[in-house]
Amino acid sequence: LVREVQIDARPDSSFGVGGGHPAVILDGLDGPYNGLTVGPDGDRSLIAGLVIRNFAGNGIEVRSGADDVRIVGNYIGQLEGNGNAAVTGQGNDGYGILVQSQGVVIGGATAADRNVISGNGGAQIRAVGAVDLQVLGNRIGTNAAGNKAISLANVVPDTTTGILLVGGSQITIGGIDGSTGNLISGVGAQAIELSGGVSAVSVEP
């Protein structure tokens, strides 16, 4: 995305018919690229209501300079539109979401804003030098219902991380009320890993 774009598949009638599950699927067929890349001029873009899977790169990459991007209501990784696991190997080979900018919001306080980010080859969410990042109300490493792990069955051992923070500051993971807490389970390594001098991180249940 080279400028501000609002991609929101949630108003589509099939989203509601499916019980609030994404019906628009971006399947990369293992092509050598990211699912969606938000470039430096893509400030304030919205990515919502999509299934993003089977890309050799990252599911979503938000590059430095693309500030105040919102990522809500998506299934990113080895997932079907009904929120259950897809065929083994259909996750994105890179990170589920890679963030390198400021003011990015991943998820929210409502079920419609919740992302499911599972079965990707790298960390499900990786932030490098991010500032004022919010990760709220997501399912990470599980199916949409949150009752079954979706791990990399084709990789033994599974060493993926839930959320990996490398540098950056003013990062909020979860909130003080139940609606903004993240469920992180089914990952092979740490649920949350901090490195590279990251500071001012708030983690709530």
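Buried, in my notes, means under 20% relative accessible area, exposed means over 50%, and partly exposed is in between (1.4 Å probe, protein chains only).

**Entry: ground rules**

This is a predicted model, so I keep in mind that local features need pLDDT of at least 70 and side-chain atom pairs count only at pLDDT 80 or more, while totals for chains, interfaces and linings use all residues. Residues are numbered from 1 along each chain as its sequence is written, and side-chain values use heavy atoms, with hydrogens and water left out.

I started with V131. With a relative accessible area of 22%, V131 is partly exposed. I found V131 in the loop between β12 (125–128) and β13 (134–136). For strand and helix names I use DSSP runs, numbered from the N terminus: helices are H or I with at least four residues, strands are E with at least two.

What does V131 touch, leaving aside its neighbours within four places in sequence? I get S101, Q102, G103, S169 and Q170, where contact means heavy atoms within 4.5 Å. I also checked V131 against V198: they are 67 residues apart in sequence, and their C-alpha atoms are 9.7 Å apart in space.

S169 was on that contact list, and I looked it up next. S169 belongs to strand β16 (residues 169–173). Is S169 buried or exposed? Its relative accessible area is 18%, so S169 is buried. Neighbours within four places aside, S169 is in contact with A130, V131, D132, S199 and A200.

**Entry: the open sheet**

Next I traced an open sheet of 7 strands. I wrote down its order as β1-β4-β7-β10-β13-β16-β19, with parallel pairing. Two strands pair if DSSP finds at least two bridges between them.

Which strands stand at the edges? They are β1 and β19 (199–203); each has a single partner strand, so one side of each is left without a neighbour in the sheet. From one strand to the next, the twist averages 5 degrees. (Axes are lines fitted to C-alpha atoms, for helices over the stretch in contact, and angles run from 0 to 180 degrees between N-to-C directions.)

I zoomed in on one pair: β10 and β13 run parallel and share 3 bridges. I noted that I106 stands opposite V135 in β13.

**Entry: strand β5**

How many residues of β5 are buried? The count is 6 of the 6, so β5 is largely enclosed by the rest of the structure. I then looked up its pairings. Strand β2 (residues 24–31) runs parallel to β5, and 5 bridges join them. The link from β5 to β8 is parallel too, with 2 bridges.

I52 turns up in both pairings. I52 is the bridge partner of L26 in β5, and I76 is the bridge partner of I52 in β8.

**Entry: salt bridges**

I searched the whole structure and got 6 salt bridges. (A salt bridge is a side-chain nitrogen of Lys or Arg within 4 Å of a carboxyl oxygen of Asp or Glu.) I wrote up three of them.

One pairs E80 with R53, with the closest N and O atoms 3.0 Å apart. Why does this pair tie together separate parts of the chain? E80 lies in the loop between β8 (75–77) and β9 (97–99) and R53 in strand β5 (residues 50–55), so the parts it joins are 27 residues apart in sequence. E80 counts as partly exposed at 26% relative accessibility, whereas R53 counts as buried at 9%.

Another joins R10 and D113, at 3.0 Å from N to O. This pair links distant parts of the chain, 103 residues apart: R10 in the loop between β1 and α1 (13–17), D113 in the loop between β10 (105–107) and β11 (116–118). D113 counts as buried at 14% relative accessibility. Salt bridges that share partners also bring D8 into one network with R10 and D113.

E4 is partly exposed, at 41% relative accessible area.

**Entry: N143**

N143 is buried, with a relative accessible area of 5%. Not counting residues up to four places away in sequence, N143 touches G83, N84, V116, K148 and I150.
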